[in-house]
Amino acid sequence: MATRIVTVVHEVQPRYQLRIAFAVIGAFVGFSVAACLGGYYRNTSTAAFAALSGILAVACLILHMKARRGTLCTMEPSLLSILTAVGAVFGAIGVAGIVTFIAVGIHLGQHLHADHNGYFLTSIWCFMTAKWGIALMLYSRQYLRMFFSASSPETESLIQQ
């Protein structure tokens, strides 16, 4: 069972290296911006969404590393299903945040700045949170399908195509 997952993973190795690189950059930038905007500028809402974006990027990074190493089969399928749901929820929160913070910024007549209540900057980090949430949802669903396609044929019907 596990050898088939390893074979599938190593056939598309460059894709995983690129995904891992983007996840590392996303986590680093998210946590750096959270520290900068939260500590120096006191823009807590932007810092919170930047930190959340970094956390979701780390979750994607862990998934990609497990897939690259071929140890995805050691994870419970229910954990991948939970990560799919978590990604969908945070993707929806990010999209709702984009719309909300842009509407508030327009209503208050703000410009793009990093001060205490920079709503347009917060909407940018809501977008990044939505991006990593949707990526987590899609990648965990893809790896769940890989898991079940390498398992027995009886379990394949559990995942909708």
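A crossing counts as left-handed if the near helix is turned anticlockwise from the far one by less than a right angle, and the crossing of α3 and α5 is left-handed. Keep in mind that this is a predicted model.

**Helix packing: α3 with α5**

- Helix α3 covers residues 44–69, and its axis runs 8 Å from that of α5 at an angle of about 20°.
- That angle makes α3 roughly parallel to α5, since anything under 35 degrees falls in that class.
- Sorted by class, the residues in this contact come out as 18 nonpolar and 8 polar, with no charged ones.

**Helix packing: α4 with α5**

- Here the two axes come within 7 Å and cross at roughly 160°.
- So α4 is roughly antiparallel to α5, the cut-off for that label being over 145 degrees.
- As for handedness, α4 passes α5 in a left-handed crossing.
- The α4 contact with α5 has 25 nonpolar residues, 12 polar ones and 1 charged one.

**A ring pair between α4 and α5**

- F101 and Y119 put their ring centres 5.9 Å apart with the planes at 20°, so this pair is stacked.
- F101 belongs to helix α4 (residues 77–108) and Y119 to helix α5 (residues 119–150), so the pair ties together parts that are 18 residues apart in sequence.
- Both partners, F101 and Y119, are buried.

- Y139 and Y143 make another stacked aromatic pair, with 6.5 Å from centre to centre and 20° between the planes.
- These two tyrosines are 4 residues apart in helix α5, so about one helical turn separates Y139 from Y143.

**A charge over a ring**

- Y16 has a charged neighbour as well: the charged end of R19 sits over the Y16 ring, 5.5 Å from the ring centre.

Key:
Residues numbered from 1 in each chain as written. Predicted model: local features only at pLDDT ≥ 70, side-chain atom pairs only at ≥ 80, totals over all residues. Heavy atoms only, no water. Phe/Tyr/Trp six-rings, centres within 6.5 Å; stacked < 30°, edge-to-face > 60°. Buried < 20%, exposed > 50% of the residue type's maximum accessible area, 1.4 Å probe, protein only. Lys NZ or Arg CZ within 6 Å of the ring centre and 35° of its normal. Axes fitted to C-alpha atoms, helices over the stretch in contact; angles between N-to-C directions. Parallel < 35°, antiparallel > 145°, perpendicular 65-115°, else oblique. Nonpolar A, V, L, I, M, F, W, Y, C, P; charged D, E, K, R; others polar.
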